Amino acid sequence: MGNSSSGVAEIKSKGDIASLHATIQAHEASSGRLSRQMSSKRFKKDGATQWRIFNELDVHDDKLMLELAVFLRRLVLNFPADDKPPVVEAPPSHLMYKYMMLVQSSAPKPPLVRIGSVDVQLGGIAPEDLQDYNLAKEPITLHMVQEVLQLYSSGGKLSVRSLRRILREAYKLLKAMPNVMHVPIDSNTETVTVVGDLHGQFVDLIHLLNTNGMPSPTHKYIFNGDFVDRGPKGVEILVVLFMLMTALPQSVFLNRGNHEDFGLCCVYGFQKECLAKYDDVVFSMFCEMFRHLPVCSVIHNKVLVIHGGLFYRENVTIEDLTAIDRLEYVVPSQVPQEMMDSEGRPLSERDVDLQKLMHGALWSDPDLDLSLPEPQANPRGAGILFGPDLTMSFLETNQLVMIVRSHECVEDGFDLPFEDFMEGTCATIFSASNYGGSMNRGAVMNFSLNDSEDSFLAGGEYAESKPDNVPLFYTVKDYQLSLSVSRGGVDGVTAANRTSLSTLVLRKKKVLAQAFQQVDRNSTGFITIDKWSGVLSHVTGLEIAWPSLIDLLVSPEDRDGNLINWSSFLNKFHVQLRSGVEQGVGDGASMFDAVYSDRERLEAIFRFFDTDNNGSISRDEFRRGCEILNANLRTGEQLEDPDAMLDIMDIDHSDSVDVNEFFEVFRLMDVRTGA
């Protein structure tokens with residue numbers, strides 16, 4: 001396909017060859033050396049290599065999806081006003097694919113956990129009536145929340161009328177909220193629970209409410225963003241959270257995450273979920289509410305709770321965060337001239353600064369390396385990597401002792417990324433267990449004024465060094481709702497990595513073949529493990545411990561001591577277009593989890609052209625789609641003669657192309673090119 005051939009051309013360029021050999025030399029000089037990106041002491045534990053790889057893949061996936069979301073936003077913004085914006089869906093991320101493969105297909109599903117305190121009876125309603133359930137037209141109360149929890153636990157669905165009423169009530173509250181919500185702890189009887197990413201995993205929300213307790217005037221909750229995408233129950237999570245916030249506005253607080261965004265929801269799955277369960281009006285209502293979600297919360301004037309992390313400059317104050325125009329925020333773009341307001345006017349220098357602060361709030365990650373005077377750009381493509389030095393500076397400026405953030409899947413659901421004196425100043429909390437099939441634990445943090453045997457001082461040694469510090473403590477509750485999955489004798493995270501990397505090799509197969517040929521100068525068909533690792537690192541852009549993945553990716557018959565038969569290795573990853581998603585290669589220990597690398601991308605392209613969603617692309621739709629794409633492509637990259645292209649694909653001469661014809665053309669192309 002076009003992208004692959006252009007990639008081969010890039011490999012052939014003189015500069016790329018030099019870069020390729022430089023990468024290989026680096027691997028030969030220090031085989032298996034890992035990059036310092038997003039370093040954390042958890043990766044220093046024994047057996048942590050697979051978790052580092054999982055996180056690197058997660059970051060790589062976020063970068064690609066962010067770029068796609070930015071493109072989608074441009075596409076929608078430039079789509080003619082008299083047409084309905086297309087429903088565009090990206091290929092599922094490696095995490096979503098792993099979730100489908102490892103959990104839905106193979107893993108025992110956890111039983112549906114019910115709220116222990118729910119005693120609401122739905123009456124003698126027939127099961128089919130639960131699919132369009134109407135709530136009473138009364139103010140939203142905790143009892144009504146329990147009714148909805150019972151409904152969802154019974155497999156039911158709210159009527160669109162009841163759903164829209166809930167959203168309207170919550171919207172009124174959100175519009176009046178400031179960017180920074182202050183959450184006091186007024187007595188020793190009060191607790192504040194911080195919940196991390198849930199990503200559409202409703203069973204985790206049910207479990208933590210059941211085991212940690214429902215919100216109340218003395219038990220407050222902060223839900224720290226990323227409620228949707230990747231998991232199948234984002235709608236249900238948002239309905240429950242918005243109802244809780246409406247019923248107990250002084251006890252339930254919702255921070256915005258980077259996935260609470262129109263573009264990200266389109267490429268990661270929440271848009272598709274809304275359309276399947278309701279309609280595009282409901283999706284639009286959710287997106288509008290996302291714009292009004294607060295940026296962060298502060299517990300007891302001591303702990304900042306924010307989804308991503310810190311910022312590109314020093315001396316950022318809580319007042320700066322309060323000044324952000326959160327309604328103007330869009331997914332980050334690397335193009336400076338796109339920093340404009342909703343009316344297309346260039347932002348002032350101050351407004352640009354505040355938008356960059358918003359990027360950091362939603363996208364940044366911690367790193368062990370020092371980050372001052374100029375923080376390193378985040379490999380996710382947005383935000384920065386903030387170190388302990390920038391963290392201390394921020395805490396000093398704002399008289400805080402700790403930052404709690406989410407955004408990053410961690411093995412135990414809870415992590416302290418810094419060390420020594422700064423160890424207790426930053427925590428990562430992640431509440432979606434078995435995220436992407438990785439078998440991670442989920443966790444929550446409970447803050448109070450009470451010290452106990454299992455509690456920790458917020459801020460750790462840093463807080464202790466403050467003579468006027470009034471101590472605040474926290475405990476951590478973790479959980480795992482899924483049984484461990486073993487595929488081919490490997491654990492969940494290793495199997496998840498194998499699936500992701502196999503898919504990546506498929507996508508890069510042509511470019512990899514060209515690169516292997518470049519380093520196999522004598523055309524022996526064999527290269528050393530170091531050169532194999534260097535090529536994979538260069539072509540994929542992933543600086544991970546490739547030698548440690550030999551047993552996962554390379555069949556025994558393709559290895560001869562320190563040498564790898566690169567041609568046979570690549571041939572194991574062959575394209576097969578079919579309805580199933582799993583592709584077996586070889587047998588026994590050499591079975592690979594793979595997927596036709598462009599299937600989901602082709603489905604997304606098909607849906608882009610099929611603007612009326614009737615399952616076929618008419619000639620007018622194809623022409624119009626090509627015009628839109630060409631407006632965003634440089635000269636020489638534009639699509640030529642769309643009528644002739646459609647005639648080629650129109651196998652049954654119906655003057656349109658259905659999805660089977662569309663896929664058949666690409667299958668034949670792959671066969672002819674030997675992919």
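**Figure 1. Asn434, a buried loop residue.** In this predicted model, Asn434 is buried, with a relative accessible area of 2%. Asn434 belongs to the loop that links strand 12 (426-429) to strand 13 (442-448). Its backbone deserves a look. Asn434 is not a glycine, yet its phi is positive, at about 50 degrees. Most residues other than glycine have a negative phi.

Figure 2. Is Ser523 buried or exposed? Ser523 counts as exposed because its relative accessibility is 61%, and the cut-off for exposed is over 50%. The loop that holds Ser523 runs between helix 17 (509-519) and strand 16 (526-528). The phi of Ser523 is near 55 degrees, a positive value in a residue other than glycine.

**Figure 3. The cis peptide bond between Leu372 and Pro373.** Most peptide bonds are trans. Leu372 and Pro373 are joined by a cis peptide bond. Omega is about 10 degrees here. Where is Pro373 found? Look in the loop between strand 7 (365-366) and strand 8 (376-377).

**Figure 4. Helix 14 and its cover.** Helix 14 spans residues 388-398. Eight of its eleven residues are buried, so helix 14 is largely enclosed by the rest of the structure. The buried residues are Pro388, Asp389, Leu390, Thr391, Ser393, Phe394, Leu395 and Asn398. What covers them? Strands are part of the cover: strand 6 (303-306), strand 9 (384-386) and strand 10 (402-405) are included. Helices take part too, including helix 12 (318-323) and helix 15 (460-464). Just after helix 14 comes Gln399, with a positive phi of about 55 degrees.

**Figure 5. Strand 3, covered on both faces.** Strand 3 covers residues 219-223, and five of its five residues are buried. In a regular strand the side chains alternate between the two faces of the sheet. On one side of strand 3 sit His219, Tyr221 and Phe223. On the other sit Lys220 and Ile222. Both faces are covered, and all of these residues are buried.

**Figure 6. The parallel partners of strand 3.** Strand 2 (residues 191-195) pairs with strand 3 in the parallel sense, over five bridges. Which residue in strand 3 stands opposite Thr193? That residue is Tyr221. Between strand 2 and strand 3 the chain passes through helix 7 (residues 202-212), and this β-α-β crossover is right-handed. Strand 4 (residues 252-254) also pairs with strand 3 in the parallel sense, over three bridges. Ile222 has Phe253 of strand 4 as its bridge partner. From strand 3 to strand 4 the chain crosses through helix 8, in another β-α-β crossover that is right-handed.

**Figure 7. The largest nonpolar core, seen around Phe242.** In soluble globular proteins, nonpolar side chains tend to be buried together. The largest nonpolar core here has 83 residues. Which of them touch the most other members? They are Phe242, Phe286 and Phe447. Helix 8 (residues 234-247) gives the most to this core, with ten residues. Now look at Phe242. Beyond its neighbours within four places in sequence, Phe242 contacts Ile166, Leu167, Ala170, Leu174, Leu254, Phe286, Met289 and Leu293. A second, separate core has 38 residues, among them Leu66, Cys296, Phe311 and Ile318.

Figure 8. Ser548 sits in the loop between helix 18 (529-540) and helix 19 (550-553). Its relative accessible area is 38%, so Ser548 is partly exposed. Thr49 lies 499 residues from Ser548 along the chain, but their C-alpha atoms are separated by 8.2 Å. Leaving out neighbours within four places in sequence, the contacts of Ser548 are Thr49 and Ile53. The side chain of Ser548 also reaches the backbone oxygen of Ala545, at 2.6 Å.

**Figure 9. The chain as a whole.** How many helices and strands does the chain have? The count is 24 helices and 20 strands. Of the 675 residues in the chain, 57% are buried. Take the contacts between residues at least 6 apart in sequence: 75% of them join residues at least 24 apart. The accessible surface of the chain is about 27700 Å², and carbon and sulfur atoms account for 51% of it.

Note on methods: Residues numbered from 1 in each chain as written. Predicted model: local features only at pLDDT ≥ 70, side-chain atom pairs only at ≥ 80, totals over all residues. Heavy atoms only, no water. Core = buried A, V, L, I, M, F, W, Y, C linked by side-chain atoms within 4.5 Å. Buried < 20%, exposed > 50% of the residue type's maximum accessible area, 1.4 Å probe, protein only. Helix = DSSP H or I, 4+ residues; strand = E, 2+ residues; numbered from the N terminus. Contact = heavy atoms within 4.5 Å. Polar contact = N/O pair within 3.5 Å; in protein donor to acceptor, adjacent residues only side chain to side chain. Pairing = 2+ DSSP bridges. Right-handed = clockwise from strand over helix to strand, strands pointing away. Areas by Shrake-Rupley, 256 points an atom, 1.4 Å probe, with all protein chains shown as cover.
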